[in-house]
Amino acid sequence: MIRVLIADDHNVFVEGIESLLSGSSEIAVTQRCFTVASALASLQANPVDVVLLDISFPHIDDGLGLCEQINRLYPHIKVIALTMHDDASLIKRVVKKGVKGYLLKNTTKTELLQAILTVHGEKQYFNETITHILLNDEPRSRKATSGAGLRPNLTPRESEVLALIAQGLTTQQMANQLFVSSKAVEFHRSSLLMKFGVPNTALLIKNAMEMQYID
């Protein structure tokens, strides 16, 4: 029996995934964790084989940090990212942290089962959608840093968030104006920092102005 831990801060989603897996004779959800701290404590006390991890847990850096710790402390555990984020640069970043599979949250039961069985069998699992995103990523947009002189390729939503950051709005104010969650705003902020190759908002705004993304 493959023991699975689900690490996600949305209770309804966790219940849904557990329901999908409940009929399997090969897989059992043995742990459900809603915080990074509880996930680490649970892994220390109760061994598992696979972790289904929402990388926004509750923020991108928290999820990536947890993934890194799992791979360092429990190298035998296979981590599958189960997330709503389909940005190529983020997928690559997550893969570098050691995940063995990457699925979007609109995945099917059949695909989820296949992913778990595949990574448990010491193989990686990236479905057709994720593979297509990675293969069609534009290398030039991923190389853009403050010193490279290349303009990063921004999505329409990233451009909106960038403009609001330049106006000095808080995360919650931006979320209210864009009619999205604060978590989504933080994701786009993290993506902007990564694409511009800067560590903080001040340098983000400076580089964006120099590259004429904002006035």
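Tutor: A helix here is a DSSP run of H or I with at least four residues, and helices are numbered from the N terminus. With that in hand, note that the model is predicted.

Start with the cavity itself. The structure holds one cavity of 30 Å³ or more. The space in the largest cavity comes to about 30 Å³. Its lining consists of I60, D87, L90, R93, F187, S190, S191 and M194. Sorted by class, that lining has four nonpolar, two polar and two charged residues.

Now the helices behind those residues. Both α4 and α10 (182-196) contribute at least two residues each to the lining of the largest cavity. The biggest share is from α10, which gives four residues.

Next, follow I60. This residue lines the largest cavity, and I60 in α3 is also part of the contact with α4. On the α3 side of that contact are I60, D61 and L64. On the α4 side are L90, R93 and V94. By class, the contact of α3 with α4 has four nonpolar residues, two charged residues and no polar ones.

How do the two helices sit? Two packed helices are described by the angle between their axes and the distance between the axes. Helix α3 covers residues 60-73 and helix α4 covers residues 88-96. Their axes are 9 Å apart and meet at an angle of about 30 degrees. Angles under 35 degrees count as roughly parallel, so α3 is roughly parallel to α4.

Helix α3 lies across β1, β3 and β4, and runs at about 170 degrees to β3. Helix α1 (residues 11-21) lies across β1 (2-7), β2, β3 (50-53) and β4 (78-83). That helix runs at about 170 degrees to β2.

The sheet itself is open and has six strands, with parallel pairing. The order is β2-β1-β3-β4-β5-β6. At the edges stand β2 (27-33) and β6 (125-126), each with a single partner strand, so one side of each has no neighbour in the sheet. Look at the β6 edge. Strand β5 (residues 101-104) is joined to β6 by two bridges, and the two strands run parallel. There, Y102 stands opposite F126 in β6.

The cavity takes lining residues from α4 and α10. Helix α3 packs with α4, and α3 also lies across β1, β3 and β4.

Terms used:
Residues are numbered from 1 along each chain as its sequence is written. This is a predicted model: local features need pLDDT of at least 70, side-chain atom pairs count only at pLDDT 80 or more; totals for chains, interfaces and linings use all residues. Side-chain values use heavy atoms; hydrogens and water are left out. Axes are lines fitted to C-alpha atoms, for helices over the stretch in contact, and angles run from 0 to 180 degrees between N-to-C directions. Angles under 35 degrees count as roughly parallel, over 145 as roughly antiparallel, 65 to 115 as roughly perpendicular and the rest as oblique. Contact means heavy atoms within 4.5 Å. Ala, Val, Leu, Ile, Met, Phe, Trp, Tyr, Cys and Pro count as nonpolar, Asp, Glu, Lys and Arg as charged, and the others, Gly among them, as polar. On a 1 Å grid over the protein atoms alone, a cavity is a set of points where a 1.4 Å probe fits but cannot get out, and a pocket is an open set with protein on both sides within 12 Å along at least five of seven lines; lining residues have an atom within 4 Å of a point. Grid points are joined across faces, edges and corners, and a volume is the space filled by probe spheres set on the points. Two strands pair if DSSP finds at least two bridges between them.
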